[in-house]
Structures are given as structure tokens and as C-alpha cells.
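Student: I'd like to learn how to read salt bridges in a model. Could you walk me through it?

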Amino acid sequence: MAYQKLQVSRALEVIPSDTVNIPDPASEYISSTSTGASAGQLVDTSVNFEEKGVKVGDIVYADLAGAPIAAYVTALEDADNINVSTEIPSGKDYKIYRATEFPNNGCVLYVGAAGDVIVLTAGGDLIEFEGVLAGTYHPVNVLRVNATGHTTAAATKIIALW
């Protein structure tokens, strides 16, 4: 009898979002801490966003240890400010991923804490998996894990694997 053997080379803690896809961890190109706050922006005077080549559509993952935020870059204001779909407060650690050049073409999920998981599949289907058990792998090619709309409690501690 054949069995499925999961061999991964990359992993990323998932920040559920109804609009932001899971970034490919290989596409990370900026890792820093925000130095200011402004409505709808990410402010960082220590990184020159223009020189780094930040583009509209790139993904920002912020502060995984505290209150996690997933956002898209919506505009480049200047060297120190980019507009984002969800404001990044001052003092938050963040990473920016080149989602425009290196999109996530589908990952499988490890679910650490039981619950429901709503995903956008690589084929474009938005589906809910109810009652996913803790400590299980979910072998579906996934682009995004939604944050809202669950029938019961949402599963947590989800890791994307490639």
C-alpha cells in the first residue's frame, strides 16, 4: 500500500486574513521594525523603501509574537513611508515579501490547534474545512487562510509548508 510522504523545505507561520494571501517565505526581502505611525501607512526611517524596490501588491507580515497583521502595499509614498491595506503601528517588527514577483502558488497546512479552517485554494475555490484536528496536515494547495466566517471556532497555530 502506498502512503503519502510530506517532505518540505520551507515553512511560515500563517497570519489569517480575508484579503491577503500567504507569502512565499523565499520572497522575503525586508525585515525591520516600524519607527512611526500614520493612518494607513507603514513608517520606517531606517529602511529606504524606494531603494529596496517596494512595489504595490507586496505583502507585509507584522509582529507574529503579539497581535499579527497581514497587509498589502497599496502605494509607495516616499523613502520612509508606504501605504498599506492595514496600518502598521510604531514599534512593530515586520517583514515584506515580494508577492508581485514570487507569488505563493500553493502550500499545504499544518494545523496546531483544532477548529475550522476556511481557505482559498490554488484553484480559486473558497471552502471551509470543519473540525480540523490539532496536529494534522492539510494536504490541499492553499493560497490564503481566512480570518472570519467560520462556522465554529477557528483553528489556530497554522503553519504553511512548501
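Here we go through the salt bridges and their surroundings.

Tutor: One caution to begin: this is a predicted model, where local features need pLDDT of at least 70 and side-chain atom pairs count only at pLDDT 80 or more, while totals for chains, interfaces and linings use all residues. Residues are numbered from 1 along each chain as its sequence is written, and side-chain values use heavy atoms, leaving out hydrogens and water.

Student: How many salt bridges does a search of the whole structure find?

Tutor: The general idea is that side chains of opposite charge can pair when their charged atoms come close. A salt bridge here means a side-chain nitrogen of Lys or Arg within 4 Å of a carboxyl oxygen of Asp or Glu. The search turns up four.

Student: Which residue does Lys95 pair with?

Tutor: Glu28, with the closest N and O atoms 3.8 Å apart. That pair links distant parts of the chain, 67 residues apart: Lys95 sits in strand S7 and Glu28 in strand S2. Strands are DSSP runs (E, at least two residues), numbered from the N terminus.

Student: And Lys92 with Asp63: buried or exposed?

Tutor: Buried means under 20% relative accessible area, exposed over 50%, and partly exposed in between (1.4 Å probe, protein chains only). Both Lys92 and Asp63 are buried. Their salt bridge has its closest N and O atoms 3.0 Å apart.

Student: What about Glu101?

Tutor: Glu101 bridges to Arg98, closest N and O atoms 3.9 Å apart. Salt bridges with shared partners join Lys55, Arg98 and Glu101 into one network. Arg98 is buried at 16% relative accessible area, whereas Glu101 is partly exposed at 38%.

Conventions. Helix = DSSP H or I, 4+ residues; strand = E, 2+ residues; numbered from the N terminus.
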